[in-house]
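Okay everyone, thanks for coming. Have a look at the screen with me, and I'll walk you through a few spots.

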Amino acid sequence: MYEAAKIRRDFPILSREVNGGKLVYLDNAATSQKPRQVIEALTDYYERHNANIHRGVHRLAEEATAAYEGAREKVAAFLGAPETTGLVFTRGTTEAINLVAHAWGRKELREGDEIVLTEAEHHSNLVPWQLAAQATGAKLRFIPIREDGTLDMEEAERLVGPKIKLVGCIHASNVLATVNPVEKLAELAHANGARMLVDGAQSAPHLPVNVEELGCDFFACSGHKMLGPTGVGVLWSKPELLEEMDPFLGGGEMIREVHLDHSTWNDLPYKFEAGTMNIAQAVGLGAAVDYLDALGMDNVREHERKLGEYAYRRLSELGDITIYGPAEDRTGIVSFSLPDVHPHDLSQLLDEEGIAIRSGHHCTQPLMRRLGTVATARASFYLYNTEEEVDTLVEALVKAREFFGAFAK
Ligand code: PMP
């Protein structure tokens, strides 16, 4: 039985107070809170095993290496990756996508080639491709968003043709609460000889993910959004693809032999892990994945689907509110705006009651323009949030509306 109340006891921060109120943390799309098990894994690593990895032959170096490589195995299994050689640790989604845009993009893209993205991309799956396009002469094309926030797949079929070299898409939106049909996009990409990149920053923490079933060539996600520490994430790709790619960062550990005028590269995945990695953070991510596995990602998805629907319904009942994204098949994110209330002011007012929501463009400025706004408020839920917290949010919004209404008069 999935019991959010029991799960909450594992998260020390959730029992703190903010501004005299009980913390209601609804900014999980930005970063998640961490369970005791992850915090203890970090402490244990530093108290008992800390050393640099792969290089030393002393006991601590061996233990640290085993912990780091053990984390790689856990994350690979969590994502359904067939082997660990394709699983590269990065700082997060942003770095993983930059790795692809440099190591694959700069090598494979030519003048006149096309990259297809969507209008709803996070800046981290847009700006790296703008830079790659500038460097290579490739062009960017965008799959539009329909009025309900879903992808216009008919237009996608028209756009993806023989000039396309890469299709890149968010698996789940950090604003619209949509889950995109990335499997279909991967088929479309492959039918045209292109590669498929999936930005899984908002899917890996919330839905069961299997990179083989998605059929993608690149999958990126961030540890800090899935109960893990900041500073670690992953890029998964097919080993044969990673093999063909040039290195991204040069330095220690990614080399096999170094001469004064040239070098050769280490085996995968180390070819893409230059310098001292975020070892403790990777170990912490391993503990986070253990925690998620123990809960079961189907159960997490079901809990958040129900919570997202409940929040959508309760917020809709407020009447004069705009909620972005489709009415059904949502993740646990609700982006909204109240008439004549700036999302920043709203967020500040809710903070006075200990309610943490996000306001702003959510690193999706082109999507904001498409939605005809500059900013929205966003409540984003995770596996420990409850219907009572949704109720607290709704009550606070009612009060906020009265407050701003009186202010407007
Ligand atoms: N893509 C999406 C859809 C996101 O929501 C985020 C984080 N807000 C990112 C990419 C970037 O993740 P990070 O900052 O951890 O690299």
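Let's start with Q202, which is buried, at a relative accessible area of 7%. By buried I mean under 20% relative accessible area, while over 50% would be exposed and in between partly exposed, using a 1.4 Å probe and protein chains only. Before I go on: this is a predicted model, where local features need pLDDT of at least 70, side-chain atom pairs count only at pLDDT 80 or more, and totals for chains, interfaces and linings use all residues. Residues are numbered from 1 along each chain as its sequence is written, and side-chain values use heavy atoms, with hydrogens and water left out.

So where is Q202 in the fold? You'll find Q202 in the loop between strand 8 (195-199) and helix 8 (211-214). Helices here are DSSP runs of H or I with at least four residues, strands are E runs of at least two, and both are numbered from the N terminus. The side chain of Q202 reaches the backbone oxygen of A29, at 3.0 Å.

Q202 is also one of the residues around the ligand; the others are T93, T94, H122, S124, I170, N174, D199, A201, S222, H224 and K225. To be listed, a residue needs a heavy atom within 4 Å of the molecule. That shell divides into two nonpolar, eight polar and two charged residues.

Now the polar side of things. An N or O atom in the side chain of T94 is 2.5 Å from an oxygen of the ligand, and for S222 a polar side-chain atom lies 2.7 Å from a ligand oxygen. K225 has a side-chain N or O atom 2.8 Å from a nitrogen of the ligand. Of the 400 Å² of accessible area that the ligand has on its own, the protein covers 85%. Those areas come from the Shrake-Rupley method with a 1.4 Å probe.

V38 is in helix 2, residues 36-49, and V38 is buried, with a relative accessible area of 1%.

Last stop: T136, in helix 5, which covers residues 127-136. T136 is buried too, with a relative accessible area of 14%. A polar atom of the T136 side chain lies 3.3 Å from the backbone nitrogen of A138.

Terms used:
Polar contact = N/O pair within 3.5 Å; in protein donor to acceptor, adjacent residues only side chain to side chain. Nonpolar A, V, L, I, M, F, W, Y, C, P; charged D, E, K, R; others polar.
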